[in-house]
Amino acid sequence: MLDNIRIILVGTSHSGNIGSAARAMKTMGLSRLVLAEPRTEIDGHSMALAAGASSVLQQVVVTDDLASAIADCSLVIGTSARSRTLSWPMLDAREAGQKLAQEAGRGPVALVFGRENHGLNNEELQMCDFHVCIPANPEYSSLNLAQAVQLLSYEIRMAHLAEVPASEAEPVEYPTAQQMAHFYQHLERALLATGFIIKAHPGQIMNKLRRLFGRARPETTELNILRGILTSVERVAGPERSQKSDRGDA
């Protein structure tokens, strides 16, 4: 799904920003970077600021204009300030991430960032289906290009993770009722062996522990760890202590 999401930088003039944007993308699992009408090339400065995300730079696609970069995209969202005189459907960052993650399951989509000094022009903004604005501090709204890419890439990733079907997540195995019954027997035996429970006067300890573990609902691997701990406790307590517990001795 994430492979269908393109980050498009229009008219980028600083090579370092390309590398920083690539780094921001890769940390969120994005890899499709497109440079539309770039005013600079990828260079050593780009590679240095990519900081391990050189694979994103190595597969960059360069186009002559934005129209070519988005030609096969079913959804295009452009970054914009709210103060534009151009009235267009506006999304916040979270809504943009959700729309991109949802549509990416059906084909290519794009998130477009404008020039460092003045963003996207009106003609380019009209090529977008929606505009997205990051609600920064109005008294100091200076976000550099890579920071904007990072923020919106994060929202895409969070929306993507929410879209991943439960079947794709690593399955969790829980113990059966019989396994839990064996665990409680083992637990009681160990507590008797250490003298924590006195056989003649057991009280409600086991009932309360059953309620505790029922609420915690340990996974099978976790239950196996607990059984191992109990075995080590019994080994330290020794058979002599266990026999005393069986007689009801303290």
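Colleague: Is Ser-153 buried or exposed?

Modeller: Quick caveat on where the numbers come from: this is a predicted model, where local features need pLDDT of at least 70, side-chain atom pairs count only at pLDDT 80 or more, and totals for chains, interfaces and linings use all residues. Residues are numbered from 1 along each chain as its sequence is written, and side-chain values use heavy atoms, with hydrogens and water left out. Now the idea: buried means under 20% relative accessible area, exposed over 50%, and partly exposed in between, using a 1.4 Å probe and protein chains only. Ser-153 has a relative accessible area of 0%, so that residue is buried.

Colleague: Which residues is Ser-153 in contact with?

Modeller: Contact means heavy atoms within 4.5 Å. Leaving aside neighbours within four places in sequence, Ser-153 meets Ile-7, Ala-24, Met-25, Met-28 and Leu-30. Ser-153 itself sits in helix H7; helices (H or I, at least four residues) and strands (E, at least two) are DSSP runs, numbered from the N terminus.

Colleague: How do H1 and H7 pack, and at what angle?

Modeller: Axes are lines fitted to C-alpha atoms, for helices over the stretch in contact, and angles run from 0 to 180 degrees between N-to-C directions. Under 35 degrees counts as roughly parallel, over 145 as roughly antiparallel, 65 to 115 as roughly perpendicular, and the rest as oblique. Here the angle is about 15 degrees, with the axes 8 Å apart, so H1 and H7 are roughly parallel to each other. On the H1 side the contact uses Asn-17, Ser-20, Ala-21, Ala-24, Met-25 and Thr-27, and on the H7 side Leu-145, Ala-146, Val-149, Gln-150 and Ser-153. By type, the contact of H1 with H7 has six nonpolar, five polar and no charged residues; Ala, Val, Leu, Ile, Met, Phe, Trp, Tyr, Cys and Pro count as nonpolar, Asp, Glu, Lys and Arg as charged, and the others, Gly among them, as polar.

Colleague: At what angle do H5 and H7 cross?

Modeller: Their axes come within 8 Å and cross at roughly 50 degrees, so H5 and H7 are oblique to each other. The contact of H5 with H7 has six nonpolar, four polar and three charged residues.

Colleague: How do I read the largest nonpolar core, and which members touch the most others?

Modeller: A nonpolar core is a set of buried Ala, Val, Leu, Ile, Met, Phe, Trp, Tyr and Cys residues joined through side-chain atoms within 4.5 Å. In soluble globular proteins, nonpolar side chains tend to be buried together. In this model the largest core has 33 residues, and Ile-7, Leu-9, Leu-33, Ile-77, Leu-111, Phe-113 and Val-149 touch the most other members. Elements that each supply at least two residues of this core include strand E1 (5–10), helix H1 (15–27) and helix H7 (145–163). Apart from that core lies another of 14 residues, among them Leu-66, Ile-70, Cys-73 and Val-76.

Colleague: At what angle do H8 and H9 pack?

Modeller: Helix H8 (residues 177–194) and helix H9 (residues 205–216) pack at about 135 degrees, with their axes 11 Å apart. That makes H8 oblique to H9. The contact of H8 with H9 has eight nonpolar, one polar and two charged residues.
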